[in-house]
Amino acid sequence: MSISNVTILTPSVLTLIGIPGLESVQSWIGIPFCAMYLTAVLGNSWLLSIIRSERSLREPMYLFLGMLGATDIALSTSVVPKMLGIFWFHVSEIYFDACLLQMWLIHTFQCIESGILLAMALDRYVAICSPLRHAAIFTQQLVTQIGAAVTLRAAILVAPCLLLIKCRLHFYHTTVISHSYCEHMAIVKLAAGNIRVNKIYGLFVAFTVAVFDLTVITLSYVQIFMAVFRLPQKEARLKAVHTCVPHICVFLQLYLLAFFSFFTHRFGGHIPPYIHILFSSIYLVVPPCLNPLVYGAKTKQIRIHVTKIFRSRK
């Protein structure tokens, strides 16, 4: 295959332009993103400290919640500081290898987050459908193994995306990425070579994780609600439903934003580019921001401990 004279051999530096079409107002857009980032970091850190300090919260549900909080902090930190650097200080350049690392971290943490939500759904399924066996099944050792397996799955699935770019794509049309962070397809589209393999593998990872996790999570909650509505006592039904509400809220807001971002990016040719970029950026920041608020408001045990902390300070 011939490469035109305008191509660049594996650039050492790339340029992120932020949100194309909204450059003049990016400094203002940075304010809510900064607020959401601080909420995500402080809220999840507080959640982690409560779970760590309270022995009564060493149950699988809260251990998974702690994993989710740590993942949210890591995900938002891998995106927002650089994004704010672009919006506020016009620090748009990023080393090529650093860009690939950011891409790998973002997509790895996204897969980990999905896997943790899957584990939380299975935990609720066993807790409600087989309550007498829950403690025997979901031991601390199993929770640790699930956390390790979820992390390993994400790292292994996403790593080939990085390797395929590094090993296959050597010539690029431009060094300018029309995005606010280093996203897989945004980097791949810069290449002058054949990107079909990269696109196919990216879709494979997205659908493998999303379809498998979404199917198991949905089936788990269907079984949970079937079991709940068979309970004879109204109080027991309400208690069981109440324990699932935070998980369902987090699950819905994550996957709805994810699917909207995914489909508009790939099939929304008539939608302005700034809509794609803005929503894909929101998708990475909003769930980490909302998760501690949802669990703090909807989980009784966490509300009790937060109230105790405030009372003790008074």
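This is a predicted model: local features need pLDDT of at least 70, side-chain atom pairs count only at pLDDT 80 or more; totals for chains, interfaces and linings use all residues.
Figure 1. Cys34 takes part in no disulfide, and the nearest cysteine sulfur, which belongs to Cys289, is 12 Å away. An α-helix has 3.6 residues a turn, so residues three or four places apart point the same way.

Figure 2. An unreviewed UniProt entry carries the annotation "transmembrane region" for several stretches of the chain, among them residues 28-50 and residues 62-89. In the model, residues 28-50 are 100% helix and 0% strand, with end C-alpha atoms lying 34 Å apart. Residues 62-89 are likewise 100% helix and 0% strand, and the C-alpha atoms at the ends of this span lie 39 Å apart.

**Figure 3. The disulfide between Cys99 and Cys182.** A search of the whole structure finds 1 disulfide, formed by Cys99 and Cys182, whose sulfur atoms are 1.9 Å apart. The pair links distant parts of the chain, 83 residues apart, since Cys99 belongs to helix H3 while Cys182 sits in the loop between strand S5 (176-177) and helix H6 (184-188). The torsion about the S-S bond is about -115°, and the disulfide is therefore left-handed. Cys99 counts as buried because its relative accessibility is 0%, and Cys182, with a relative accessible area of 0%, is buried too.

Figure 4. Cys111 is in no disulfide, and the nearest cysteine sulfur, that of Cys161, is 8.6 Å away. With a relative accessible area of 7%, which is under 20%, Cys111 is therefore buried.

Figure 5. Rolling a probe the size of a water molecule over the atoms shows where empty space is left. The structure holds 2 cavities of 30 Å³ or more, and the second largest cavity has a volume of about 30 Å³. Its lining consists of Leu117, Met120, Ala121, Ile217, Tyr221, His247 and Phe251. The elements that give two or more residues to this lining are helix H3 (96-129), helix H7 (196-228) and helix H8 (234-267), and H3 gives the most, with 3 residues. By class, the lining of the second largest cavity has 6 nonpolar residues and 1 polar residue, with no charged residues.

**Figure 6. The largest pocket and its lining.** The largest pocket has a volume of about 630 Å³. It is lined by 23 residues, of which Arg124, Lys239, Ala240, Thr243 and Gln301 are the closest to its centre. Two or more lining residues come from each of helix H2 (60-89), H3, helix H4 (131-137), H8 and helix H10 (300-313), and among the contributors to the largest pocket H8 gives the most, with 6 residues. The lining of the largest pocket has 11 nonpolar, 7 polar and 5 charged residues.

Note on methods
Residues are numbered from 1 along each chain as its sequence is written. Side-chain values use heavy atoms; hydrogens and water are left out. On a 1 Å grid over the protein atoms alone, a cavity is a set of points where a 1.4 Å probe fits but cannot get out, and a pocket is an open set with protein on both sides within 12 Å along at least five of seven lines; lining residues have an atom within 4 Å of a point. Grid points are joined across faces, edges and corners, and a volume is the space filled by probe spheres set on the points. Helices (H or I, at least four residues) and strands (E, at least two) are DSSP runs, numbered from the N terminus. Ala, Val, Leu, Ile, Met, Phe, Trp, Tyr, Cys and Pro count as nonpolar, Asp, Glu, Lys and Arg as charged, and the others, Gly among them, as polar. A disulfide is a pair of cysteine sulfur atoms within 2.5 Å. Buried means under 20% relative accessible area, exposed over 50%, partly exposed in between (1.4 Å probe, protein chains only). UniProt positions are given in the numbering used here, feature names are shortened, and annotations may be inferred rather than shown by experiment.
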